[in-house]
Amino acid sequence: MHLRQSRLDCGALSAAVRDDRAPHLPCGREDVREHRLRQLDPKLLRQALLGVLAAERNHDRGHGKDTIDVSATGNAALADRLESFAALLELADAQYHAVRAYRRAAEVIRSTPAPVAELVRAGRARELRGIGPGIEGRLRELVETGDIQELVELERSLAPELIGLGRLLGIGAKRGVEVGRALGISTLDEFREAAEAGRLQEVPGIGPQTERKLVEALRTADRPRPPRGLLLNRAWILSEAIADPFGAEVAGDPRRFKDSSERLAVVACADAPKPLLDAFERLPQIVAVLERAGDRATGVTVEGVPVELVVAPRERFGTELLRATGSEPYVAELEPLPDGRDEDAVFAALGIPFCPPELREHPFRGEPPPLVTLGEIRGDLHCHTTWSDGRESVYEMGLAARELGYEYLAICDHTPAVGAVPGLGPDDVRRQAEEIAAANERLAPFRVLAGIECDIRPDGELDLPDDVLAELDWVQASVHGGQRQSREQLTARSVGALENPHVSALSHPTGRYIGRRPPNAVDIEAVIETAKRYGKAIEINGLHRPARRTRPARRRSGRAGRLLDRRPFAPGPRQHAQRRRDRPPRLGHGRRRAQHAAARGDPVSAYALRSATSGRRRDQSSSTREGRTNALRAAPRRASDRCAPR
């Protein structure tokens with residue numbers, strides 16, 4: 001069995017293993033893309049990991065131990081308990097801001113390279129971003145006693161296994177607990193037995209309709225899907241936390257960077273799967289085991305998300321990683337898969353080029369298009385500041401972007417019509433332009449662009465007059481209010497904005513909000529054609545929550561030869577610090593979605609500054625639009641425009 005030294009077990013492993021040699025990797029995972037593994041002796045690692053796992057809190061309700069020893073298990077163990085605390089506080093109807101604070105603290109702790117337990121002992125935990133006196137007290141309790149007493153009490157009173165099953169079956173956390181306690185059941189098999197015996201209607205509030213819903217959910221639980229997918233950032237955090245103790249690779253929907261992750265999987269390498277499967281059942285993230293057979297097991301988290309662990313022998317690791325990554329239609333087209341120690345070997349045996357996971361949504365055997373990498377991004381064309389709903393000043397945003405290696409950054413704060421947050425009127429825009437000019441003097445030769453995210457009002461008018469827009473370097477036009485208008489109204493608003501000579505790009509054209517709001521009724525084909533006609537860009541929002549365009553819409557943009565305004569994330573100081581730690585799974589959701597889309601279009605943010613903003617502020621006559629259009633079209637095109645898989 002091979003296990004890598006991870007964030008979870010770094011302390012215990014370093015204490016147990018005093019050997020810097022690099023022995024043989026049994027699974028050949030040195031060839032797996034995007035991973036650098038530190039190689040340690042398998043036998044010693046097995047002993048060290050079992051010691052770590054033995055210190056984990058035991059979720060088998062037949063055991064009495066209810067705490068974990070975090071003295072040597074590293075930052076991930078601390079983060080796991082804070083995340084569990086946040087999840088149960090949410091179930092206990094705690095304040096939203098408190099829940100969010102604990103989740104953010106867990107993410108900061110997980111990504112901190114220094115041992116946080118030592119910072120806690122030294123009284124320096126509050127030096128970490130987002131750690132206040134309350135969370136510091138919880139961390140001190142966790143480090144000194146091994147657990148958080150309130151968390152232990154919440155776990156006993158709220159029954160996480162029933163909560164997870166209730167969410168998985170689509171009846172919700174509260175009803176899941178009610179059903180389980182009324183019938184004295186807590187596992188999926190017991191739910192099935194109760195349903196077959198007709199006992200579900202014994203529970204107060206469970207009528208024939210709810211019973212039918214539960215029975216149907218139980219029938220499909222062999223291939224479980226959560227009622228709502230996870231956002232990419234949460235899916236990666238959860239998957240990594242489960243994969244790390246086993247040195248496993250994240251697979252499933254997160255590895256393909258699917259917008260909403262419903263299928264989570266990790267693939268580990270070992271000749272004997274039983275010890276890993278046993279340890280999987282004891283992980284703090286797994287509240288119930290749905291099924292276990294042979295070399296794999298499926299558990300469910302407190303969020304109701306099923307997670308599969310696959311344990312593969314060394315000669316089939318690449319095969320199982322490819323299969324577990326999916327998607328199902330893509331893998332089905334390649335079956336039967338040959339044995340391979342890594343994915344490169346599997347693709348070579350199939351006689352087809354290696355296909356990046358991001359492009360495995362649909363059956364495809366040809367040469368995949370090149371993906372845009374982080375190093376190719378020259379600037380960000382849509383960022384907010386403290387002038388509207390941002391957290392940093394113009395100068396702070398520009399400084400962080402310059403340190404990322406960018407050449408330019410466009411400040412595009414909201415206008416008043418957005419309503420939910422402060423917006424900039426004409427006078428505000430001009431005052432902000434003075435601040436931008438001052439920032440440029442300090443940051444030269446880096447360039448901060450004066451821009452705006454101008455609302456398209458429900459009547460189709462832009463929220464700022466043309467003479468103000470004409471003074472700006474970059475103008476994003478956005479639909480915020482009126483998302484429920486008719487197809488004709490929404491399309492007319494977007495098309496009209498794109499026809500305005502001062503508008504540079506259309507933001508989030510479909511208004512989609514992952515897990516909360518479906519795409520609006522806009523005619524995206526008409527929008528794309530209009531953007532193409534006038535040489536305008538269409539934004540792809542790379543933030544993990546509001547992915548405002550679906551993959552089919554992005555593919556249509558690419559086939560139309562449309563310019564894509566990639567919005568990766570606002571590179572404030574915190575994001576800059578995270579990126580310097582080079583954690584692609586944590587930060588990569590925006591980057592990877594942009595890669596996937598940019599493989600089908602022409603990413604404006606990969607342009608040099610002069611090409612991206614050509615025509616602005618130099619000629620405000622009717623020829624401005626043509627000048628900018630020609631300059632953008634003359635910029636180097638990617639070969640991917642001509643070879644996108646359908």
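**View 1. Contacts of S494.** S494 touches I456, V479, L506, V522 and V527, leaving aside residues up to four places away in sequence; contact means heavy atoms within 4.5 Å. The model is predicted: local features need pLDDT of at least 70, side-chain atom pairs count only at pLDDT 80 or more, and totals for chains, interfaces and linings use all residues. Residues are numbered from 1 along each chain as its sequence is written, and side-chain values use heavy atoms, with hydrogens and water left out. S494 is part of helix α21 (residues 487-499). Helices (H or I, at least four residues) and strands (E, at least two) are DSSP runs, numbered from the N terminus. S494 counts as buried because its relative accessibility is 2%. Buried means under 20% relative accessible area, exposed over 50%, and partly exposed in between (1.4 Å probe, protein chains only).

**View 2. The aromatic pair F85 and Y102.** The whole structure holds 3 aromatic pairs. Rings of Phe, Tyr and Trp (its six-membered ring) pair if their centres lie within 6.5 Å; planes under 30 degrees apart count as stacked, over 60 as edge-to-face, and the rest as tilted. F85 and Y102 are edge-to-face, at 5.0 Å centre to centre with 75° between the planes. F85 sits in helix α3 (residues 75-91) and Y102 in helix α4 (residues 96-111), so the pair ties together parts 17 residues apart in sequence. Both F85 and Y102 are buried.

**View 3. The aromatic pair W236 and F257.** This pair is tilted: W236 and F257 lie 5.4 Å apart centre to centre, with 40° between the planes. W236 belongs to helix α12 (residues 232-243), F257 to the loop between α13 (252-255) and β3 (260-261). The two are 21 residues apart, and the pair links distant parts of the chain. W236 and F257 are buried.

**View 4. Arginines over rings.** The charged end of R442 sits over the ring of Y395, 3.6 Å from its centre. R360 lies over the face of F354, 5.5 Å from the ring centre. A charge sits over a ring if NZ of Lys or CZ of Arg is within 6 Å of the ring centre and within 35 degrees of the ring normal.

**View 5. The two faces of helix α11.** The buried residues of α11 (residues 208-219) are E211, L214, A217 and L218. They lie on the same side of α11 because they cover an arc of only 125° around the axis, taken from the directions from the helix axis to the C-beta atoms. Among what covers them is α10 (188-196). Exposed Q209, R212 and R219 are on the face turned away from the buried side of α11.

Conventions: The expected span of a helix is 1.5 Å times one less than its number of residues.
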